[in-house]
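Keep the viewer open and follow along as we go from charged pairs to the interface and then to some backbone details.

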Amino acid sequence: MNFKIVKSAFVGLFLSLFVINAQAQNKTVTGKVTDSKDGSAIVAASVVGQGTTIGVRTAADGSFKLTVPSSVNTLFISSVGYASKQVSITGGELKVSLVESSEQLNEVVVIGYGTARKKDVTGAVSSVQAKDFNQGVITTPDQLLQNKVAGLDITSASGQPGAATTVKIRGNNSVRANSNPLYVIDGVPLDGRSARPSAGTGFGSSPDANPLNFINPNDIQSIDVLKDASSAAIYGSRGANGVIVITTKSGSSTGTKLEFGTSLSTNAGLMKNYDVLDAPTFVKGLAKYGVSGQDFGSNVNAMKELMNKDLSQNYNLALSGGNDNGKFRASFNGATTNGTIKGSTLDKYVANFGGQYKFLDKRLTLGFGLTYGHTSENVIPFSNNAGSAGNIISSILQWNPTQKLVDASGQFIYPTNGSGNPLAMLKATDDKVGVNSVLANIRASYKITDNLEYRLLYAVNSSNGARATNVYGFMPGFSGISGVGSAAISNAALTSQTVTHTLDYKKDITTKLNLDLLGGFEYWKSDYSNNSFSGTGFNTNLDVNHLTLPYTNMMSNALTMNPPSTYVSPTTELQSYFARAQFNQDDKYYLTGTFRADGSSKFGANNKYAYFPSVGAKWAIINENFMKANKLFSNLALRASYGVTGNQEFPAGASQEQFAFGSFNNAGQINVANPNLKWEQSTSIDLGLEFSTKNGKVYGAIDWYNKNTTNILFQSTAIQPAPASIYFINLPNAQLNNTGVEFTLGANLLTKKDLTWDVNGYVAFNKNMLTKFTQNGQDIQILTGSIDGQGVSGTLGQVITNNQPINEFYLKKFLGFDANGNQLIANSPTMAGNPNPTTTYGLSTTVNYKKFTFVVNGGGSAGYSVYNNTATSVTNISGIANGRNISLAAYNSAEMATSPVAASSRFLESGDFFKLRNASVSYHFGNYGKYIKNLNAFLSGNNLFVITKFTGFDPEVNIDKGSNNYPSRSIEYLPYPTARTFSAGVNFSL
Amino acid sequence: MIKSFKLKVFGLVLVTAVGCTKLDEHLNSTLTNSQTANALGSAGVGLLLQAAYTDIGGPFTAQDNIFSLQENSSDESLVPTRGGDWDDNGVWRVVHAHTWDANHGQVLNVYNALNKINFDATNVLAFSPSAQQAAEARFIRALSLYQLLDLYGQFPVRNPGDNLLNAPQVYAGAAGANFIISELTAIIPSLPTTSTPDKANQTSANVLLMKCYLNRGAWVNKAAPTFADVDMQQVISIGNSIIAAGKYSLATEYFSNFDVNNGASKENIFTFVNTTGVGANNSGINGTWAKTLHYNSYTPLNPNAGWNGFSTISDFYNSFGATTAMVGVTQFKAGNISGKYADTSVDTRIGGRFSWLSTPQSGIKPGFLIGQQYNETGAAEIDRKGAPLAFDPTIASDMKETGANLEVTGIRVVKYTPDFSNGAASYGGPSGNDLVIFRYADVLLMVAEAKMRAGSPDVAGALTLINQLRTARKAATVTSMPLVNTNNPEDPTTLLAERGREFYWESQRRTDLIRFGVFLKPWQYKPTDDPKYLLFPIPSQALAANPNLTQNPGY
């Protein structure tokens, strides 16, 4: 080393200090920053002298001490989640109270491989912070977001706790199933599949599990929804359905804290009933339709008898702490959630431990995270595609209300009308699923220079699921089960790994031009396998009075073992290079460009790499000189972006010729290879306007987008003779277009000392249209949307075809009834309605009055149709002739009991609804006694009511009725009913 | 110094990470083409051949596949809509009423299933099979091409190893017939003379060849079939050689050809083997009785013992009547279902009490089920409303049952005796009855028919064979039997009716009705017809995919 240089630097530093000192007649300001709502301290708020870079953060008690030049007369105080404030420096200690704000400009937004301040983001990103999440009974993170983000449409596939959801960002972007967005947790992209084995029970296939089940909702700090291509293109070939980025909480650097929370909930009936006949009406019906011998004299409401009223419990414990050099957080969540129907439960245990520590003068940061989640489910006989033998929901709906479920001697009563006894079904099935998941990551970042940082992320996400399914043989009337019993043991394993290297270079090129360059490499790999073995013919449990061991505990007793099945999915590997450049000139002009090259093992040999560029620009009008004088706006900005994202959700192995083994001595080709197979490409444009008025009184955004999906991955008809009826191609000309407008608006209506009132909401319009959907010059017409049940086997009710929205209903028109009360149906199906909501909206409001907080969240969808398959084939009029219950609508119609069943436009109903998702009131006791801090108690109701004309259980429904791997949308068939729940809870910290 | 070291380390990390995979896809549970050839060795081609055999089971058994197109389109079978059941968007009614179109799901599924057999059989040829393996594969392919030509009037054929993205050649009509005949002629010498009935041998190939010669005239001109004498002589000579070889004979009990032990039948020439309780490679033969039996037909599974669908028409049932000397038997007439059947000297193929002992566990008898049904204890069964479970032959004219008796209309047909060797599990699950594809009885009746259709008809020779069969079935011998009554397809005195009595519900009826020139005649629940229905349409999807296919006239 050169001593001279050191010396000169030393002298320079000394001189500069002297100069500053010489210039400054300083003053010291002290104060305390508190929450306007309850006066609690705001920790780590930023306090900066206006016009300087001198600042401090508030301590654990909210206090600060800052020395500023005497010329500074104003402090700028800001904190995440609060409206920033300018405070004049007066003589004494400053008391600053900040108002909680939904305006999120200063919040940090996770933008993929990095973060940015909300105001620096050029794309359409919606960020939802923990404090704004939905409350009440939450089992999976996606429920936190329902009706919180414009353009995000989340539909549960089932009301069963932990069931999968259909998540659409800005419309329906795919003609295939499995088109959910990419989930990224703390930088780790998830596979999207679940290791929960799906086992058939003889009642049909059960709905899938939610891949986010292993996450503790209380661990989540924020969820960012990357909606446009400018934000999602950095995720390349997996970004086309949008990206949902989940960031978990990390410890705080201001001391140790223990947080505890618990809640108890109970089901209080159904959100909405499905109207079948009560006993008196049923008796009238028997007379009306001339049915004899079916009045058993009782008055039974099977749905009530089967309702689960057990208490659900939820316990949370989190310990966090740290100092300037590191922080950690450990948490535990134990919850048991009871489904609407007896016997249906989800137990969930999640432990999470994470931390990050700084070394080498804080140049090196090492972090780690470990999440272990266990879910244990009790599954009831419930399925997407129950046939004529039905399942528990059909047995409940069809139950003759004049017949008891159990006779005086405690024996189940079995009707002879083709419907099962739902209580017996519960007793006869024992179906347990356990899934263990681990998400472990290790992160390192090193500041090579002040401007250049290297980051490494390695993560593994591994899940194992095991399922033991028993159907006991005592129950009569089930082919292959009655008198013999059946059982299956299934296992599944899913492991994905991620390695990400990034280099981040931040530089202020001039005082006015900032540059942020990011480059990186990512390797991602995923493996999935499952196996199962099953048998029938057992010696036990063939009599309800002699139930002993589950069959799955003694499988060797089976008379007949089916050949075990094993499946190992092709390994999926992605190898990607990406880069992002962000420019910010003068806080007025922002420009972001991203580029990703994705290589995928799924792609055909001729197309191994895909390239995804995007560019976004923003003009912060508010910072222009001509706006300086404006008194209205505190933020006004225009955004525009363009980008290309991809979708590679087709079955791995589709590009190669595959030969599969069948049973012994049997092997054959199973697919038509397509070496040209590649990704589906979505090109999108987004224009946005953001604004907020002074002090954040009113804020909002308007976004217009146009998203065009081309190279559509399509199951083309194989040219026979062929080993399969379809194969995957990229359709050359077809376009799937989603165009829409999103309006988000919020206002702080009242900001009095003891009373504040915020309202915010959104409305989003989307138009979905498939064009140029042709092959060999002819319109492609794909029928999908299975209509199931007795009498409608093989009927498909939706079509994917040219110049129509995806999954347009395609049904025979209902023409009324003939003189004999038989329904008349047109001969040929016609386009009957759009199953994709064209309008979605959400509304939230929060009122703080003294120590009370009232929150109400709701939302809905409009402009779409739902097909009521339950009414078509389960509660149709023909049931009453055999003593099965029927729907009130059928009873009130002119139809007679001998009318043929048929799928038709008669059962296509408007899906428009408004749902009050959540209303809660909480009381903030504040600190209590010596140790208890932030004591809070709440009462909350979920799914309190729904306003809709739909006659089924819930218009927000999407039972998987796909056919041949084509998706369906908005069909109701024996859904797991949505419960109205009430919870009460308390939380505090130590 | 330190800095450059850091950079090196950093560079190393980056370089090791980058370029670590070539992104070759590992399939894990399947093999690529080249792996297949290597991994399976010389035995591998046998596995591929077995896959082709396995393909046969499903489409030849399922109620909504070949059976539906060949039987529901005929006067032997239909599926009435029963109030809340079996509407299924009208798919069953349009097949019986002859109003189907090119988008009919069954038309597509049959086309795809047959071509899957076609493909898997052809694929064997790409993996260096032995002469016999190649011959077996080509036999299986010929079996699928026979059905394709018969149903659709044309079929595609690929060369082994073809690029599957290219459209294959298509054979139609006479060219199609010639192709199948030349294939069979070429392979017969390479086939074994004997084998288990589930594997191709010279006899099974010869039976298929006979069917090609017999039907060639109908394939060339379905509206007005003509029969070349050379074809008829081929049928006669091949048939005679099978008869003369004496390896096959008629069973003493007709329904033993279809019961759970039918693997031992001397009459069955080619079958698909099913094993009780074994799901793998099982064709789902239990569907053959489930599709017709009532929900309550078998007490332990009540109320879901059957699917209560498929029935036959009373006119077809009556074709067992007139000339068969059913002593003391009251022929069924609408409204009279209480006729008593004698226990002897009745055409045993009608079933009923003759086969009582076949299913002592259930009371279900093979054959035609009419009137009150009884369980194994002799107790009268009841339907789901508690009314007597008595099958009523009268079906609603539009095939939409709306009456109070809608559950019990239609005569039911149980060809395969329900398998009770494993209790309820085999009744409703994997059952052991082998699916019969070719029977010796067909050899006799084809030769008889060819003798009657030959340039110089040999009626006496034909009657000898017909009476040989009738005697075995305990039906009275006949002294004359015309081919067909073109005014009445169900006229009991004809050879067409004899074939109906022998092969009902064996997926032969449509082919026979066309060959005998009466497929377009009206029969119960099919009032009028259009000549285009002599062929099924090429499914719209298949037509769009392969430009070499030509849509059949009228569609």
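A salt bridge here is a side-chain nitrogen of Lys or Arg within 4 Å of a carboxyl oxygen of Asp or Glu. Please keep in mind that this is a predicted model. Side chains of opposite charge can pair when their charged atoms come close. Glu742(A) and Lys227(A) make such a pair, with their closest N and O atoms 3.1 Å apart. Because Glu742(A) sits in strand S38 (residues 735-751) and Lys227(A) in the loop between strand S15 (220-226) and helix H2 (229-232), the pair ties together parts of chain A that are 515 residues apart in sequence. Are these two residues buried or exposed? Both Glu742(A) and Lys227(A) are buried.

Another pair in chain A is Asp788(A) with Lys961(A), whose side chains meet in a salt bridge at 2.7 Å, N to O.

## A charged network in chain B

Now turn to chain B, where the side chains of Arg470(B) and Glu498(B) form a salt bridge of 2.7 Å, N to O. Arg470(B) lies in helix H15 (residues 459-472) and Glu498(B) in helix H16 (residues 495-503), so the pair ties together parts of chain B that are 28 residues apart in sequence. Arg470(B) counts as buried because its relative accessibility is 0%. Glu498(B), also listed at 0% relative accessibility, counts as buried too.

This pair belongs to a network of salt bridges. Which residues are linked in it? The members are Glu267(B), Arg349(B), Lys415(B), Arg439(B), Arg470(B), Arg473(B), Glu498(B), Arg501(B), Glu502(B) and Glu506(B). Over all chains, a search of the whole structure finds 61 salt bridges.

The size of an interface is often given as the accessible area lost when the parts come together. For chain A and chain B, the buried area is about 6,800 Å², and carbon and sulfur atoms give 55% of that. Phe659(A), Ile719(A) and Pro721(A) supply 11% of the area that chain A buries against chain B, more than any other three residues. In terms of residues, the contact takes 85 from chain A and 80 from chain B.

How many salt bridges does the rule find across this interface? The count between chain A and chain B is 0. Polar contacts are found there, however: 30 residue pairs, with both residues at pLDDT 80 or more. Several strands of chain A each supply at least two residues of the side that touches chain B, among them strand S24 (486-508), strand S25 (513-536) and strand S32 (659-661). S28(A) gives the largest share of that side, with 4 residues.

Trp704(A) is part of strand S35 (residues 698-710) of chain A. With a relative accessibility of 33%, Trp704(A) counts as partly exposed.

## Backbone details to look up

Two cis peptide bonds are worth a visit. One joins Gln720(A) and Pro721(A), with omega at about 0 degrees; Pro721(A) is in the loop between strand S36 (712-717) and strand S37 (726-731) of chain A. Another joins Asn302(B) and Pro303(B), with omega at about 5 degrees. Pro303(B) is placed in the loop between helix H11 (287-290) and helix H12 (314-318) of chain B.

Next, look at some asparagines. Asn147(A) is not a glycine, yet has a positive phi of about 60 degrees. Asn147(A) lies in the loop between strand S10 (125-129) and strand S11 (152-156) of chain A, and counts as buried at 11% relative accessibility. Asn541(A), not a glycine either, also has a positive phi of about 60 degrees. Its place is the loop between S25 and strand S26 (560-561) of chain A. Asn541(A) is buried, with a relative accessible area of 2%.

Technical notes
Residues numbered from 1 in each chain as written. Chains lettered and ligands numbered in written order. Predicted model: local features only at pLDDT ≥ 70, side-chain atom pairs only at ≥ 80, totals over all residues. Heavy atoms only, no water. Buried < 20%, exposed > 50% of the residue type's maximum accessible area, 1.4 Å probe, protein only. Contact = heavy atoms within 4.5 Å. Buried area = accessible area lost by both parts, 1.4 Å probe. Polar contact = N/O pair within 3.5 Å; in protein donor to acceptor, adjacent residues only side chain to side chain.
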